[in-house]
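Dear colleague,

Please find the structure below, together with its sequence.

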Amino acid sequence: MAHTKSQGSTGNGRNSPGQRLGVKCFEGQVIHAGSVIVRQRGKKYHPGINVGVGKDDTLFAKVTGRLKFKWASRTRKKINIIPS
């Protein structure tokens, strides 16, 4: 016999949808000004030349150009945009 009264399905149903984080454009691609490059939590990727940061750490393009990833140090990856 159960020691506590059964709760039914009240413990379920709190799963939230995914946040669609990650890299949206890849190296060598030509992207337009204002395009989202990376959606992230925290600074996994850091902004470089012609790249801006949103308030939720999203990286976006300031100018139209070609995307370039670069290791700034052993642990830090920077994203630059070379204007075309």
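The model is a predicted one, in which local features need pLDDT of at least 70 and side-chain atom pairs count only at pLDDT 80 or more, while totals for chains, interfaces and linings use all residues. Residues are numbered from 1 along each chain as its sequence is written, and side-chain values use heavy atoms, with hydrogens and water left out.

Salt bridges

With a salt bridge taken as a side-chain nitrogen of Lys or Arg within 4 Å of a carboxyl oxygen of Asp or Glu, the count comes to three.

Lys43 pairs with Asp57, and their closest N and O atoms are 2.9 Å apart. This pair links distant parts of the chain, 14 residues apart: Lys43 is in the loop between E3 and E4, and Asp57 is in the loop between E5 and E6. Strands (E, at least two residues) and helices (H or I, at least four) are DSSP runs numbered from the N terminus. Lys43 counts as partly exposed at 39% relative accessibility, whereas Asp57 is buried at 19%. Asp57 also has a positive phi, near 70 degrees, although the residue is not a glycine.

Arg39 forms a salt bridge with Asp56, with 3.3 Å between the closest N and O atoms. Here too distant parts of the chain are linked, 17 residues apart, with Arg39 in strand E3 and Asp56 in the loop between E5 and E6. Arg39 is partly exposed at 25% relative accessibility, and Asp56 is partly exposed at 31%.

The salt bridge between Lys68 and Glu27 has its closest N and O atoms 3.1 Å apart. Lys68 lies in strand E7 and Glu27 in the loop between E1 and strand E2 (30-31), so the pair ties together parts that are 41 residues apart in sequence. Lys68, at 41% relative accessibility, is partly exposed, and Glu27, at 44%, is partly exposed.

The sheet

Strands are treated as paired if DSSP finds at least two bridges between them. An open sheet is formed by four strands in the order E1-E3-E6-E5, with antiparallel pairing. Strand E1 (22-23) and strand E5 (51-53) stand at the edges with a single partner strand each, so one side of each has no neighbour in the sheet. E1 and E3 run antiparallel and are joined by two bridges; Val23 stands opposite Val38 in E3.

The nonpolar core

A nonpolar core is a set of buried Ala, Val, Leu, Ile, Met, Phe, Trp, Tyr and Cys residues joined through side-chain atoms within 4.5 Å. The largest one has twelve residues, including Ile37, Val38, Tyr45, Val51, Leu59 and Phe69. Two or more residues each come from strand E3 (36-39), E6, strand E7 (65-71) and strand E8 (77-83).

Contacts are heavy atoms within 4.5 Å. Leaving aside residues up to four places away in sequence, Leu59 touches residues that include Val36, Ile37, Val38, Tyr45, Val51 and Ile79. Phe60, found in strand E6 (residues 59-61), is partly exposed at 29% relative accessibility. With the same exclusion of residues up to four places away, the contacts of Phe60 include Val36, Ile37, Asn50, Val51 and Val53. Asn50 is found in the loop between E4 and E5 and has a positive phi of about 65 degrees, although Asn50 is not a glycine. At a relative accessible area of 23%, Asn50 is partly exposed.

The aromatic pair

Rings of Phe, Tyr and Trp (its six-membered ring) pair if their centres lie within 6.5 Å; planes under 30 degrees apart count as stacked, over 60 as edge-to-face and the rest as tilted. By this rule there is one aromatic pair. Tyr45 and Phe69 form this edge-to-face pair, at 6.0 Å centre to centre with 70 degrees between the planes. Tyr45 lies in strand E4 (residues 45-47) and Phe69 in strand E7, so the pair ties together parts 24 residues apart in sequence. Both Tyr45 and Phe69 are buried.

With kind regards

Note on methods
Buried means under 20% relative accessible area, exposed over 50%, partly exposed in between (1.4 Å probe, protein chains only).
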